[in-house]
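Visitor: I am new to reading protein structures. Could you walk me through a few features?
Guide: Gladly! Let's look together.

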Amino acid sequence: MAQFLQVLLSGLSTGSIYALAAIGFTLVWQAAQTVNFAQGEFVMLPAFFVLIGVHWLGMPLWLALIFGLILSMIVLGLLFKVLIVEPMLPNGGLPLIIATMALSILLKEGTKQFYGAEAQPYPGLFPQATMTLGGAVISVQDVMNLLVSLAIVVGLTLFLNRTRTGRCMQATAQSPAVAEILGVNTRRMVLYAFLINAALAALASFLISPIYLAKFSNGENLGLIAFIAAIIGGFNQIRGAIAGGLLIGVLDNLTATYITAEYRAAIPLILLIAVILWKPEGLLGTSEGRNV
Amino acid sequence: MARFRYPALVLLGLAALILAPRGEGNYIIFIFTSWLTYSIAAMGLNLTLGYSGQISLAQASFMGIGAYITALLTLAGLPWIVGMLAAVAATFVVGLALGFPALRVKGHFLAFVTLAFNTLFFLVARNEDWLTGGNYGLSGMPRPNLIFASTMKNLPFYYFTLGVFVVAAALMWWIVHSPWGRAFKGLRENPVRAESLGVDTTRLTLLAFAIGSAYGGLAGALVSPLVQYIDPGSFALGISLKILLMVVVGGAGYFYGPMLGAAIVILLPEVLRFTEGYYLMIYATAVIVLMVFSPRGLMGLGERLWHRLTRPARQVRADMAGGAQL
Amino acid sequence: MKFKPFAASVAVAAVAMFAVGARADDVVKLPCVCELSGAGAVSGTNFRDGAHIAIDEINAAGGILGKKIVMTDMDTQSDPQTSRALVQKAIDDGAYAIMGTVFSGSTIVNMIVAQQAGIPQFTGAEAPNITEKGNPYVFRTSSSAAKGVPALTPYFKDTLKASKVAVAWVNNDFGKGGHDVFVSQMKDAGIAVVADVPSEQGQADFSADVSKIKAAGAQAVFVYLNEEEAARFLKEAKKQGLTVPLVGEVTLTGQKVIDLAEGAAEGAYAHVGLATSAPLAPIQDFVKKFHDRYNRDTDHNGIKGYIGVYAVKYATEMIGKIDPQALADKLHGLTLDAAKYPGMLLTTSWDKTGELSRESFMTEVKDGKQVVIGTVPAN
Amino acid sequence: MSRPVLSVRNITKSFGGIKAVQGVSFDVAPGEVLGLIGPNGSGKSTLFNCVLGQYRPDSGEVLVNGRKVGGQRACDLNKMGVGRTFQQLSVFPGMSVLDNILLAGQEHKGSMLSRLFGPRDAGLTGEAEKMIEFFRLGHLRDTLAGALSYGQQKLVDAAMAFMAGPTLVLLDEPAGGVNLTMLGALKDRLIAYNRDHGTSFVVIEHNMEFVMSLCTRIIVLAEGRIIAEGAPEEVRSNQMVIDAYLGG
């Protein structure tokens with residue numbers, strides 16, 4: 001039982017970070033029908049911005065985090081939209097998929113060239129203390145990861161549902177043409193989606209890098225898991241993405257503990273195929289936003 | 001004269017392929033052989049993606065299935081041709097099965113299903129070491145022994161691969177220029193309309209996957225004796241993305257697109273080698289720029305440039321026509 | 001500013017090409033085929049940089065038999081098929097011997113090419129099967145897992161007196177190699193492996209792995225993971241309060257792992273064939289040289305590249321001519337005494353299969369440093 | 001009288017609580033051009049989709065040349081001799097006009113396997129060229145369909161529907177969005193085709209002028225029922241029809 005609780009709680013903590021990456025992915029998908037194959041690298045890179053702030057520019061950690069967040073929003077939000085997505089939207093889906101794949105190579109190789117190929121220790125945001133709960137050991141970091149992620153999701157949901165800007169963003173996502181007629185500045189709303197995605201990726205990066213360690217190749221796994229989480233949960237739903245992320249985090253650990261470690265990576269994939277074939281709107285998704 | 005120009009160009013290209021490795025070192029010959037092999041795999045994906053509009057991120061896994069089958073059979077002492085036929089048949093059947101999701105979902109969702117399939121293949125190849133050798137892979141596959149020559153040396157193996165390539169390309173040419181090719185394009189352009197005109201889009205979608213996958217299997221059957229070592233990592237998702245890149249960079253839906261794309265993807269690292277660690281960055285940037293300016297790849301770019309070169313004459317006529325009306 | 005290194009490398013490449021073209025006969029070509037990008041980039045880059053230090057030293061002292069050594073760097077992108085093509089290219093370009101590759105999966109492929117051409121190859125790979133194929137041209141620059149892991153058996157059996165052990169390994173060719181040797185060693189020693197836990201390369205969450213080991217009641221754990229994964233494993237083990245001895249081979253007590261694990265590596269043990277922390281003057285001199293030149297610390301791969309180049313120099317000067325076949329013949333059964341041949345750093349011998357043997361160390365992490373706690377004699 | 005090409009018998013179809021079509025019956029004789037009109041929401045589209053086998057009616061049946069429709073895939077229905085056009089533009093934009101027309105005919109030639117090994121045009125070039133000429137598109141034979149004007153694409157769409165020699169063609173708003181000049185050309189060609197080949201048409205259309213001059217008989221639907229039926233001039237003067245359209 002203690003073991004079950006242990007892997008469950010750890011899975012929730014890791015899953016909450018997957019969820020952050022998955023939510024950003026979902027937002028960009030809704031705003032611009034863009035499947036971002038570089039999403040993993042978007043989570044890898046901000047940690048390096050922080051390291052640059054700390055080690056090269058001599059900033060204190062809090063300032064470096066802000067620096068990393070802003071730089072992420074500029075590079076991964078604004079520039080990504082203006083330089084890559086926008087010029088390519090008229091060309092249809094496939095070229096954009098290819099371009100984001102190329103972007104992922106570019107970000108990975110660029111990080112390696114300019115910061116180095118080795119994994120870097122990354123400062124944790126929370127004390128390394130642990131506590132015991134029903135025989136399971138949980139670290140403060142685990143708990144805080146989960147809480148921060150949930151807080152971000154709740155905040156984002158409130159923003160999207162309760163503020164004018166948030167509702168305009170949702171309208172834009174559902175029907176850009178109608179939103180345009182209603183006087184919504186859709187271009188700006190799409191930009192917001194990209195900025196929020198970049199910010200979420202940065203936060204995911206800050207939370208996961210103390211565990212994952214900062215390394216140029218970190219995005220390879222993360223990006224894939226973000227996709228899977230987003231699709232399993234529901235492509236058009238924020239709560240779907242968080243459910244998908246948590247589910248994968250937990251499922252991965254339970255599989256490895258009780259069923260098979262060799263095939264632990266297979267379970268999310270099989271789930272992914274099953275969901276796409278039998279419930280493409282996702283486990284929590286609603287069918288009207290489905291785009292098959 | 002014009003009707004002889006195309007066959008003449010093809011013959012010229014063939015002659016170039018025959019003469020290319022003359023006097024070259026082993027490395028260049030290996031690169032050429034590798035290019036031919038990947039061209040076959042990319043040609044298959046081009047049928048699925050470029051002609052029929054069904055995205056697949058699993059082409060490397062079909063190469064893998066083909067390579068493992070060929071390796072196991074040739075290591076068991078059977079001739080290469082048997083391994084190759086088994087590989088093509090097996091990948092045809094598996095491709096047919098992978099086509100079923102395409103009947104339900106399209107676009108990005110299909111991309112993810114095929115992506116998942118590729119990774120599952122990797123996991124099976126790695127974990128089932130009683131069959132596949134697991135992480136250690138399989139090695140020491142014999143190269144095919146032809147009646148007139150052994151292909152143990154690199155140059156004969158190049159010509160052997162070239163022979164297979166020419167046959168595969170000719171078959172593909174036949175398919176895409178037959179009524180099937182027209183129906184595949186119809187499936188890509190407007191599946192609903194195609195169905196209403198009597199095109200059995202279900203069967204066609206499955207066939208697009210099956211034939212495309214069989215080409216992947218054929219390429220795998222060549223990789224096995226070429227590298228004489230296969231392991232799961234050689235057929236991981238990254239390789240599928242590489243083949244996809246070949247097709248799109250070359251020009252999806254153009255017959256010569258995948259060959260051009262494979263040449264770029266395989267040869268560019270050689271050309272850019274002097275830039276050391278920067279070449280992947282240069283390469284990635286080039287791909288992004290290409291996708292912005294010519295989403296139809298290099299063939300599309302070439303076509304546009306060709307039109308621009310030949311258009312001035314037409315433009316003059318159009319202007320004159322306008323003037324006459326005024 | 002960003003593009004300065006680029007411009008510089010273009011210039012260097014151009015000069016190098018010119019130099020090679022101009023005086024092809026006056027130089028000894030020792031191409032380095034290794035992992036400069038992709039998953040193996042860290043190891044490959046250290047291997048190459050270590051080799052370059054040796055080359056510059058040797059060239060400054062007059063080269064090999066009066067000829068300068070030229071090393072071309074060839075990037076395999078950590079891909080076996082590319083590595084095979086590059087070894088072919090290196091041979092086509094007239095390589096005297098080949099340095100690399102570091103990845104076992106690549107070496108197992110490309111060594112066939114070097115074998116066919118009869119060119120000696122100095123690999124940094126540690127998988128046991130490389131020297132089990134009867135290839136007379138492949139030579140190790142560090143001993144294989146097949147030699148390293150058995151050195152740990154007495155430690156588990158006699159020092160720790162364990163009857164139940166666990167093994168945590170990364171499920172790729174590197175990890176599988178170590179795992180297989182370890183499991184068969186434990187079987188021979190009569191020790192039960194109660195938890196056999198493979199993990200994925202790049203895995204983030206090791207809670208399942210550690211909890212399984214904890215639940216199985218192992219008295220000691222053999223950790224055979226890459227550096228980042230080892231660090232994550234150690235952190236998780238510390239978190240879950242896994243207090244049994246954690247024992248590794250080579251990586252577990254490396255400085256990189258110590259830095260990454262942020263204190264969680266304290267008390268970990270490892271057998272290290274080539275420790276950058278070995279308390280021996282030649283090794284410490286090398287580590288300092290490396291740091292001074294590249295402004296970063298090397299791992300044991302830097303030493304591998306360094307001694308590989310020196311092995312070529314010493315053996316070639318013994319045979320007195322540039323002859324790949326003679327070089328390979330000479331190296332089999334050769335022992336190079338570090339006292340007489342300082343470039344080897346440690347006394348090193350090769351057997352008939354190209355397997356290497358030299359003194360090795362038991363190390364422990366104390367106060368955030370790798371400390372040698374014992375020496376294992378050459379075997 | 002010969003067997004009707006299309007027989008709609010007592011079709012009822014509802015969605016949720018809304019009855020879209022209620023007990024509609026009619027026949028289409030060989031060579032007849034039937035217009036199906038009615039205000040928005042009158043059930044035209046639902047009826048159309050029942051005939052095409054896209055919807056399964058709650059009760060009643062549809063017979064094409066005496067064979068029951070329902071559950072077939074669109075391609076099989078096409079092989080039963082039913083051609084159709086679409087409300088939206090429905091050509092293959094990246095293929096030449098000739099290839100569009102060839103594709104429309106080739107699936108009716110031989111088996112799938114024989115098509116692979118047979119001639120590249122499935123032996124249809126002559127026939128296709130005749131069809132292209134018939135629709136006055138000869139000068140555009142090798143132009144990509146996507147590069148044609150809207151009206152020209154409508155002509156290609158119609159030509160494709162005829163290429164397999166169907167006995168019944170369903171035209172879904174053929175006049176929608178077509179300019180006046182083109183509209184005349186389209187009507188002229190449709191009438192000519194009907195005269196030459198005796199193919200039956202069922203036309204759904206909003207453009208009264210177009211329907212009245214094209215059709216030989218008209219059925220008016222309102223609220224899922226047939227409220228009037230007859231020759232164009234009869235329907236035109238029927239008070240119920242006028243009321244239905246004016247919302248009376």
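**Reading sheets, helices and interfaces**

Guide: Please keep in mind that this is a predicted model. Let's begin with two strands: in chain D, strand E4 (residues 59-64) and E5(D) pair in the antiparallel sense over three bridges. Across that pairing, D:Leu63 stands opposite D:Lys68 in E5(D).

Visitor: What is the order of the strands in the open sheet of chain D?
Guide: In general, strands of a sheet pair through backbone hydrogen bonds, either parallel or antiparallel. Here, four strands of chain D run in the order E2-E1-E4-E5, with antiparallel pairing. Strand E2 (18-28) and strand E5 (67-69) of chain D are the edge strands, each pairing on one side only. From one strand to the next, the twist averages 30 degrees.

Visitor: Which strands does helix H1 of chain D touch?
Guide: Helix H1 (residues 44-51) packs on the sheet and touches strand E1 (6-15), E2, E4 and E5 of chain D. The direction of H1 makes about 120 degrees with that of E1(D).

Visitor: How many residues of H4(A) are buried?
Guide: Helix H4 (residues 93-115) of chain A has 17 of its 23 residues buried, so it is mostly covered. Just after H4(A), A:Gly116 takes a positive phi of about 115 degrees.

Visitor: What area is buried between chain A and chain B?
Guide: The size of an interface is often given as the accessible area lost when the parts come together. For chain A and chain B, this is about 3600 Å², with carbon and sulfur atoms giving 83%. In chain A, the residues losing the most area to chain B are A:Ile98, A:Tyr263 and A:Leu277.

Conventions: Residues are numbered from 1 along each chain as its sequence is written. Chains are lettered from A and ligands numbered from 1 in the order in which they are written. This is a predicted model: local features need pLDDT of at least 70, side-chain atom pairs count only at pLDDT 80 or more; totals for chains, interfaces and linings use all residues. Side-chain values use heavy atoms; hydrogens and water are left out. Two strands pair if DSSP finds at least two bridges between them. Axes are lines fitted to C-alpha atoms, for helices over the stretch in contact, and angles run from 0 to 180 degrees between N-to-C directions. Contact means heavy atoms within 4.5 Å. The expected span of a helix is 1.5 Å times one less than its number of residues. Buried means under 20% relative accessible area, exposed over 50%, partly exposed in between (1.4 Å probe, protein chains only). Buried area is the accessible area (1.4 Å probe) that two parts lose on being put together, summed over both.
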